Amino acid sequence: MMKILQNARVVHFSPGSVQESLDIVIDGSVIKEVGQNLAANYPDAEVKDLKGAMVTPGIVCSHNHFYSGLARGIMANIKPSQDFISILLNLWWRLDRAIDKDILYYSGLVCVLEAIKAGTTSVIDHHASPAFIKGSLDVLRQGYEKAGLRGILCYETTDRNGKDGTKEGVEENIEFAKSVDKVKAAGKRYLVEAAIGGHAPVTLDDDALRMLAEALKETGRGLHIHVAEDRYDVSDSHGKYQKDIMQRMADFGLVNDKGIFVHGVHLGAADIEVLNQHDAFLVHNARSNMNNNVGYAEKLPTVKNVALGTDGIGVNMFEEVKCAYFKHKDTGGAYWPGDYLRFLQNGNTILERYFGEKYGKVAAGYKADLTIYDYDAPTPLTGDNAAGHFVFGMSSRDVKSVMVDGVMVYEDRQFPFDVASIYVQAQKEAQRLWQRMDALD
Ligand SMILES: [Zn+2]
């Protein structure tokens, strides 16, 4: 059935544009037509009058960890951690080992709900649960599908749980990608794509990289991996392999135009050249970098494709864009709000390369992933200053409704199912997770 969002104020942040009183005609999951007074042409369509409300293309979070959804305010015994490696050892690598199926489902689901409430229509996730690898991506997918969020999932393969752990990680990635291919081949509607995941070069030896390269070939996907988040990753690569990180990745055939490389705080000019040559993405996570005190990604302006993620610090891209922008200005950077909205928009380009469809515009032929607001602009809102409104004024509290794949998944600030019971169960699972962490050695 055809749907029409009538009388919308259509805003694009990058490149900026504002158009008033448009009708958006949606056929299934795709925008069929956008223009004035179209409702009369579709007498059978289901019409929703937006009364001039602002509509933008969907918002993408290009790197996240939904397995950390139950870590908020954690009350397990975590040893004081002075540096990045200790944070991993004492917190994240205890937390991920304590995750089982139920914990993962609720951790994922509460993150999915939070994403949608913040107007985020797609989340690219990087998952780890070493005690529950096989089938873990399918459990996460169930949460995405329950609430209707779009995304790309992968399992973060690592050597830190032995060779069997590495192998199981690679297999989970391949199996999940194949399950997606099956759904696609059957012509069914689907929301979740697959990438091939690796933790970071520092926890992946040459054998592991070879296996990941095979997985890329077998599935036709890209690698999603942390690189040079901390200095240690760089010195480890030089010390053990006598290579810059990105050259080591490229030598194994792991860099392509679906490559999602994350952080890159300490990448050198030669590394960035490799990224750019392969048209790969670098995902910047400003708040996470600040939280872990790993340094500032000064070379961002030399990267061709920058996207933005939260790295597990919620899934609110209004907060992330603002913090990334202000951190940049604080370091004396020359970018303006429009540059950061361009980075945000690049998340849609990642979706296009994985899904093979058009994303990121309110226009005919594009996927109907839309965020709808009741933002009251106190000053004129134009194409030239839309990015300024985003950085200096708008917030997730302005998000009123969200459409993903042509379905209204959140309408007038309500989900179409009971969420209170989900949060009750999530709190129980959180307590169970923290107890399981304390029981680990
Ligand atoms: Zn991460």
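Modeller: The residues that line the largest pocket divide into 18 nonpolar, 14 polar and 5 charged. In this division Ala, Val, Leu, Ile, Met, Phe, Trp, Tyr, Cys and Pro count as nonpolar, Asp, Glu, Lys and Arg as charged, and the others, Gly among them, as polar. The model is a predicted one, so that local features need a pLDDT of at least 70 and side-chain atom pairs count only at pLDDT 80 or more, whereas totals for chains, interfaces and linings use all residues. Residues are numbered from 1 along each chain as its sequence is written, and side-chain values rest on heavy atoms, with hydrogens and water left out.

The volume of the largest pocket is about 860 Å³. A pocket, on a 1 Å grid over the protein atoms alone, is an open set of points with protein on both sides within 12 Å along at least five of seven lines; a cavity is a set of points where a 1.4 Å probe fits but cannot get out; and lining residues have an atom within 4 Å of a point. Grid points are joined across faces, edges and corners, and a volume is the space filled by probe spheres set on the points. The largest pocket has 37 lining residues, and S68, G69, A71, R72 and G312 lie nearest its centre. Two or more residues of this lining come from each of α1 (84-95), α2 (101-117), α9 (286-292) and α13 (420-439). Of these, α13 gives the most, with 6 residues. Helices (H or I, at least four residues) and strands (E, at least two) are DSSP runs, numbered from the N terminus.

The metal site comes next. The zinc ion has as its protein donors H63 (NE2), H65 (NE2), H226 (NE2) and D311 (OD), which lie 1.9 to 2.1 Å from it. Donors are N, O and S atoms within 2.8 Å of the metal (3.2 Å for Na, K and Ca), and sites may look incomplete because water is not among the atoms. Angles among the 4 donor atoms run from 91 to 155°, and the site is irregular. Four donors count as tetrahedral if all angles lie between 85 and 135 degrees; four count as square planar and six as octahedral if opposite donors are over 155 degrees apart and all others between 65 and 115; anything else is irregular. Along the chain the zinc donors are spaced as H-x1-H-x160-H-x84-D. Since H63 belongs to strand β6 (residues 59-64) and H226 to strand β11 (residues 223-227), the pair ties together parts 163 residues apart in sequence.

Both H63 and H226 are buried; buried means under 20% relative accessible area, exposed over 50%, and partly exposed in between (1.4 Å probe, protein chains only). D311 is placed in the loop between β14 (305-308) and α10 (317-330). Its phi is near 55°, a positive value in a residue other than glycine. Most residues other than glycine have a negative phi, and most peptide bonds are trans.

A second open space may be set beside the first. The second largest pocket has a volume of about 230 Å³. It is lined by 16 residues, with L50, A53, Y373, D374 and K400 the closest to its centre. At least two lining residues are supplied by each of β4 (46-49), β15 (370-373) and β16 (399-404). The classes in this lining are 6 nonpolar, 2 polar and 8 charged residues.

The largest cavity holds about 120 Å³ of space. Among its 13 lining residues, F13, P57, G58, L344 and Q345 are the closest to its centre. Strand β6, which carries H63, is one of the elements that give two or more residues to this lining, together with β1 (2-13), β5 (54-57) and α11 (337-355). Helix α11 gives the most, with 4 residues. By class, the lining of the largest cavity has 6 nonpolar, 7 polar and no charged residues.
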